[in-house]
Structures are given as C-alpha cells and as structure tokens.
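Welcome! Have a look at it first, and then read on.

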Amino acid sequence: MVIKAIRGFNDILPSEIEGWQFIEKIAREVFENFGFSEIKIPILEKTELFARSIGETTDIVEKEMYTFQDRSGDSLTLRPEATASMARAYIEHHLYARDPAAKLYFIGPMFRHERPQKGRYRQFYQIDAEIFGVAHPMADAEVMVMLMEFFKRVGLEDVELQINTLGCEECRPRYKKELTQFLAKKVSQLCPDCKRRLETNPLRILDCKVETCREVIGGAPLVMDFVCDRCTGHFERVRGYLKILNAPFVLNPRMVRGLDYYTRTVFEAMSPKLGAQNAVTAGGRYDHLMRDIGGPDIPGIGFAMGIERVVLLVPDKRETARSPYLFIAALGKEAQLRAFELVNQLHLQGIKAEIDYEGRSLKAQMRRANKFNSRYVLIIGEEELKRGRVIMRDMEEKVQEEISLNEAIEEIKGRIY
Ligand SMILES: [Zn+2]
Ligand SMILES: [Zn+2]
C-alpha cells in the first residue's frame, strides 16, 4: 500500500514555491524596514501555554489542538498560533530587560485539527509580527501601516483594513453582561454550540458562522457602546495616527476575535477576492497576555497572516521568458566527464546549470533542455572536444556558434549577465 500524507497536511511543491518565496521575501524586507527582527520558536510547547493564553473555552483549545502526552508523560501541543510562543520566549529570555519594546516576526507552520476544506489545512503557515512592551496607540497604527505596506508591495492594493475595539478588563465585563442578557432572550434561535457558549463564553457567540446565530448577532448590542473612556480615548488616537500616516481604514463595529487574550484594538485585512471568509490577516492588542502566562504585565500588539491565502491572491510572478538556465548536452563518455566538471564550475560561480546524467541521445538531451526552459545549451560533442571546441546554442534566437572550451565559462557569464 502506498503511504500518503496525513489528511489536512499539504505538500507545497517546487512548481508552487515561487509565490511562497516571494511573499516571505517581501515580508522580511518590509518588516525589517520597520525595525522588526526575526525569531524562531519551537513547534511544540507545554499545553498549558495555549490553554492559559488563548482561553480554555475557545474553539482552538476545546477541540482543535494537536495535544498528546510525550514519553515522559508531559502534555504537549503542536502550536496552533505563534503569539503565545513568542510572548513566552520574550519573557523566558528576559528580552524586556534591555529595552521593553521588542519588535519580532516569525514565519512558520501552525497546527489545528479543523475540518479540512479547500485551501484550509491542518498544517498551515503564518507570518506573525508582534510589538511587545508598547501600550501607546502609535504602536497599533504602526503595525497596521506595516501590514498594509506589505500588501501593497506584493501587489494586493485592494486589501482593506478594518478596525474595531474590544475594550479592556474593566469595561468588557459590562458589555458581556449586557450581551448575555440580550442573547438569553433569543436562546431558542441559537445553535447547540452557542447555547453552551452562553454559559461558558458568550462573546464567542459573536464569532459563530451558523446562519440562525448570525441573524441574532445582527441585532446584538455593540461593544463600542460599552467601552470605558480610556478605551475610547485609545481607539480615537489609533484612528488619528492612521490618518496621520495616510492609512485608509474602515470601522467594523461587529468584528470580534476567537481568542480570549485580545484587548482594545482589533483589526483585519480583508480581500474582496476571498468571498465571505475574506480575512487574510487578523490581529489585535493583548495587554495582559504576558501576565496570564505567568510573566510581567507587559502589553503587546500584533497580527497573524495566513500564507496560503496570500499565495492564492498574489498575481503569478513566474517568469514566462526563458530563464538564464544553461543546459549542457554531452555526447560520449569523455564529453560527459567534461560536462560534469563544467557544470560544477558554473554552480560554484552562481550560474544555474544542468546536465544529463544518463548519456542519452542528443535529441533526448535537447528535449530536457527545453523542459528546463534553458536560454542556452552548450553542446559538447566528441569531434569538437578533440579540437577543444564546444557549440553554444541560443534557444531563443535559434542560432549557434562554436566557442573554445577553455573560454566557455567566461562566454556564458558574459551572455547570462
Ligand atoms: Zn476599557
Ligand atoms: Zn452558533
């Protein structure tokens, strides 16, 4: 029986990788210009890190995490998101000791046991950016401006920034009470999950995708009408700074978050090309996440972007013109050995080149050269080799000429650059 990949786990093949590399490259460039540094974090963490940060009664922790006991009996979890791990690393290595403000980004896979559907995987990739240690609303604006600059640079000008505030620990309980009272009156219209959420975590109902629940939610009170003066002030300043930086945004008073740790500002980047589930990035402020996982009470704000979704949206960057790839076709044992040496020298000099290992016919080798989309093919024949000559064929112009084998490298470099 042929062994296949696990359901929901996806291979990203060489033919698709160009888009991924492009997105990661632009993210690194833009983020580093904004003063962010890359961090790498483990794939596995202690389960309690996520239970305490994301929240015990969230969908992720209740039913989506890959949690298991390792051989020592410890409960471990494949990270379902990166923020908690990054915060854990920031605390563990006392990154705040030198300067409380830290700007970090991370690129890597996350794991959630969700129902697999088209374009959604159980191992999926995210680009995360976080500013730790800054409570000032300038940080909120800066991280959103950086995100939108990324979308501009990858060619997605139509991505829209939507923002909202979720209030703080002081004002959210008031809203929660009001919302619970409202929903309790409509309990018969709620889905079974939401009936349970009404007891455990009523705010999560605002996130429900079930149609009957959506109708109820449409009439629910808005968190914005219940936030305290300080939260209102913070949100006003965030909007003010976005305007100063010429960053367009749309207010979405119904935006909520599936994770418990968010406070105050939340935001999403929406693409009109993605339909109903059109968020390509979600983010927000989490001023007490560090405290909740046992660290000092240090604020933070950041976002997570799903790479698979961005790949779908980014226009195809692949070159349709012939690549600078060079193919060396060799005829006969002696010629093949020279080709082997030559291709190695080209690789050492940074030129993409390929040979045929099997000693096939010239016709078969030319077919391979075409598959590689090579602009040039160097043909080493037995006769020419005796005279120290090789044939250089330009596949685009469809012309060829003899050149000296000793000067072949210089000649190739001259043409390719
Ligand atoms: Zn508040
Ligand atoms: Zn529901």
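What spacing do the donors of the zinc ion (ligand 2) follow along the chain? They follow C-x2-C-x13-C-x4-C. This is a predicted model, in which local features need pLDDT of at least 70, side-chain atom pairs count only at pLDDT 80 or more, and totals for chains, interfaces and linings use all residues. Residues are numbered from 1 along each chain as its sequence is written, chains are lettered from A and ligands numbered from 1 in the order in which they are written, and side-chain values use heavy atoms, without hydrogens and water.

**Zinc ion (ligand 2)**
- C194 lies in helix α7 (residues 192-200) and C213 in helix α8 (residues 211-218), so this pair ties together parts that are 19 residues apart in sequence.
- Helices here are DSSP runs of H or I with at least four residues, numbered from the N terminus.
- The protein donors are C191 (SG), C194 (SG), C208 (SG) and C213 (SG), lying 2.2 to 2.3 Å from the zinc ion (ligand 2).
- Donors are N, O and S atoms within 2.8 Å of the metal (3.2 Å for Na, K and Ca); water is not among the atoms, so sites may look incomplete.
- Both C194 and C213 are buried, meaning under 20% relative accessible area (1.4 Å probe, protein chains only).

**Zinc ion (ligand 1)**
- C168 (SG), C171 (SG), C228 (SG) and C231 (SG) coordinate the zinc ion (ligand 1) at 2.2 to 2.3 Å.
- Along the chain, the donors of the zinc ion (ligand 1) have the spacing C-x2-C-x56-C-x2-C.
- C228 counts as buried because its relative accessibility is 13%, and C231 counts as buried at 1%.

**Helix contact**
- P137, M138, D140, A141, M144 and V145 in α5 meet H234, R237, V238, Y241 and L242 in α9, where contact means heavy atoms within 4.5 Å.

Technical notes. Buried means under 20% relative accessible area, exposed over 50%, partly exposed in between (1.4 Å probe, protein chains only). Helices (H or I, at least four residues) and strands (E, at least two) are DSSP runs, numbered from the N terminus.
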